[in-house]
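This report covers strand pairing and one surface feature of the structure shown below.

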Amino acid sequence: DDIRVKVLKFDREKERVSLGLKQLYPDPWEKAEEKYPVNTRVKGRILSLADYGAFVEVEEGIEGLIHVSEMSWTGKIKHPSHILSVGNIVETVVLSLDAAKRRISLGMKQLEPNPWDSIAENYPVGAVIEGRIKNIADFGLFIGIDEGIDGLIHISDLSWTEKINHPSELYKKGDEVQAVILEIDKENERFSLGIKQLTPDPWDAIPEKYPIGTRVSGIVKNVTDFGLFVELEAGIEGLVHVSQLPKGKEGGPLKGFHVKDEIEAEIINVSQQDKKIGLSIRKLLESAERDLHKSYV
């Protein structure tokens, strides 16, 4: 081929002549900032795809990048090839342009309104919603709320009283559940939900229900080195510390106590904030001895 070129450099000593072809035409980047200001809509052809995004030819000599995070507001796109192909003509929005570095950042999701802008209006905090469980993780349940938006029910917000090791103990994928909206964080795109908030916290009534000095009965749920855990009602347990057990038993104060035993004890402290109830068998026996002594006298 016979081609027309431009002499860029002449080096007599090294006997080299540097030539250029693109220099016969004006540099498209010289007027790129004027031609493509931020927020301008531009169409281009997909030249190539990478794990992190798609390269788009805006015009001959100018390529822009659509980062994978700028392709959808809500869709979790693992690879651009899931929604784009080389040769596609796409419409984009200019996000930033650096003519000196010959870089232009483009976005596709900006062509559509951000659903998180209206999510707080459509779903006020405190409202009760119903949704399907889309995924179960160690730390909670993901619930489908709106198109592409999932809410998280943390494992700590599943029950006021039950000790849940894994959400799958109570729920399975596909279940329809009701939940209360706890918080919407638009900036971090987080939607927090709770199931236990559908019912009152039973601990709110515990101080009145179990005042100090009350005699109660319960079932031993666990025997540890430091005492007994006793279930007073469904989900409500109290601790009889080893120091509050009767003394003088051969083999230690825990000797003779087993799981599923029904025992009686006296309430010695209640902490609604820490959700703890202190029990004492020793004090109950001492009270009974005092009552017997008074009766005898």
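Tyr 25 sits in the loop between strand S2 and helix H1 (32–35). The model is a predicted one. Tyr 25 has a relative accessibility of 58% and therefore counts as exposed, the cut-off being over 50%. This tyrosine belongs to a nonpolar surface patch that also takes in Ile 3, Val 5, Val 7, Phe 10, Val 17, Leu 19, Leu 21 and Leu 24, with about 900 Å² of accessible area together. Strand S1 (6–11) and strand S2 (16–20) are the elements that give two or more residues to the patch.

| Strands | Sense | Bridges | Bridge partners |
|---|---|---|---|
| S5 (residues 62–67) and S7 (residues 103–107) | parallel | two | Leu 65 and Ser 105 |
| S6 (residues 89–98) and S7 | antiparallel | five | Leu 97 and Ile 104 |

S6 and S7 form a hairpin with four residues between them. In its turn, Arg 102 has a positive phi of about 55°.

The S10 and S12 pair is part of a barrel that five strands close in the order S8-S9-S10-S12-S11, with mixed pairing. Neighbouring strands of this sheet are turned by 50° against each other on average, direction ignored. Helix H2 (residues 115–122) lies across four of these strands, namely S9 (140–146), S10, S11 (176–185) and S12. The helix runs at about 110° to S11.

Conventions: Residues are numbered from 1 along each chain as its sequence is written. This is a predicted model: local features need pLDDT of at least 70, side-chain atom pairs count only at pLDDT 80 or more; totals for chains, interfaces and linings use all residues. Side-chain values use heavy atoms; hydrogens and water are left out. Patches are made of residues with over 30% relative accessible area and no salt bridge: like charges are joined within 9 Å, nonpolar side chains (Val, Leu, Ile, Met, Phe, Trp, Tyr) within 5 Å. Accessible areas come from the Shrake-Rupley method with a 1.4 Å probe; for residues, only the protein chains shown count as cover. A salt bridge is a side-chain nitrogen of Lys or Arg within 4 Å of a carboxyl oxygen of Asp or Glu. Buried means under 20% relative accessible area, exposed over 50%, partly exposed in between (1.4 Å probe, protein chains only). Two strands pair if DSSP finds at least two bridges between them. Axes are lines fitted to C-alpha atoms, for helices over the stretch in contact, and angles run from 0 to 180 degrees between N-to-C directions. Contact means heavy atoms within 4.5 Å.
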